[in-house]
Amino acid sequence: MQRQGIDERMQQTHRGEPDQVRPDADGALVRRPIAPQRLVAAVASPEAGANVLFVGTARGFTNGVETTGLEYEAHDSMATEALERLCTTAVDRFSLLACAVEHRLGRIAIGEAAVAIATSAAHRRAAFEAAEWLMERIKREVPIWKCEEWADGRRAWVHAQPAAADRGGDEGHERGDGPVDAGRRRSRGRGRRR
């Protein structure tokens, strides 16, 4: 069963039931184009000094290889639960007023949005840091997989590299998404397929 999108779910009120979504923290998988402004509207608040929007799009070249499209698959219930948990954690960890995430599934053309993250906070630093933290955690923890389609007709599932901090480095934000041979993993075993 496909879950509601952010716009419908953000209108719900939290009454404490375990199956209710917190109105200030929401994550959803969608099979339609993402409308980023809808996410910004969902997190808007008169108390906000900052609303941050991150939109991850399908790019045309990865490591010099022309990409013609992407396809995303997920374990729907586990991925939705993980997105919601990450949003709730981000609200608490960064003192956000609200956050909303949508990740698209299915075929995505070059230039289209694959993921959008909106955060609102009293101050810009918290909103920016939360958006970046959420994107890194989504790539690492949410069971969503990415298949790249290349101009020469080949397709392959690609794997996210663990962040440098996970490898013991201090860079913290390096990611190595890119083409890999089917069945051969470039990561050191801790990254998720993305």
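Buried means under 20% relative accessible area, exposed means over 50%, and partly exposed lies in between (1.4 Å probe, protein chains only). The model here is predicted, so local features need pLDDT of at least 70 and side-chain atom pairs count only at pLDDT 80 or more, while totals for chains, interfaces and linings use all residues. Residues are numbered from 1 along each chain as its sequence is written, and side-chain values use heavy atoms, leaving out hydrogens and water.

**Exercise 1.** Find out how confident the predictor is, and where pLDDT stays under 50.

*Solution.* Start with the term: pLDDT is the predictor's confidence in each residue, from 0 to 100. Then look at residues 1-21, where pLDDT stays under 50. Residues 163-194 also have a pLDDT below 50.

**Exercise 2.** Work out the strand order of the open sheet and say which strands stand at its edges.

*Solution.* First, recall that helices (H or I, at least four residues) and strands (E, at least two) are DSSP runs, numbered from the N terminus. Two strands pair if DSSP finds at least two bridges between them. Now read across the sheet: its 4 strands run in the order β1-β5-β7-β2, with mixed pairing. β1 (25-30) and β2 (50-57) each have a single partner strand, so they stand at the edges, with one side of each left without a neighbour in the sheet.

**Exercise 3.** Decide whether Cys 99 is in a disulfide or in none, and whether it is buried or exposed.

*Solution.* Use the cut-off: a disulfide is a pair of cysteine sulfur atoms within 2.5 Å. A search of the whole structure finds 0 disulfides. For Cys 99, the nearest cysteine sulfur belongs to Cys 87 and is 3.6 Å away. Last, look at accessibility: Cys 99 has a relative accessible area of 0%, so it is buried. Cys 147, at 1% relative accessibility, also counts as buried.

Definitions and conventions. Contact = heavy atoms within 4.5 Å.
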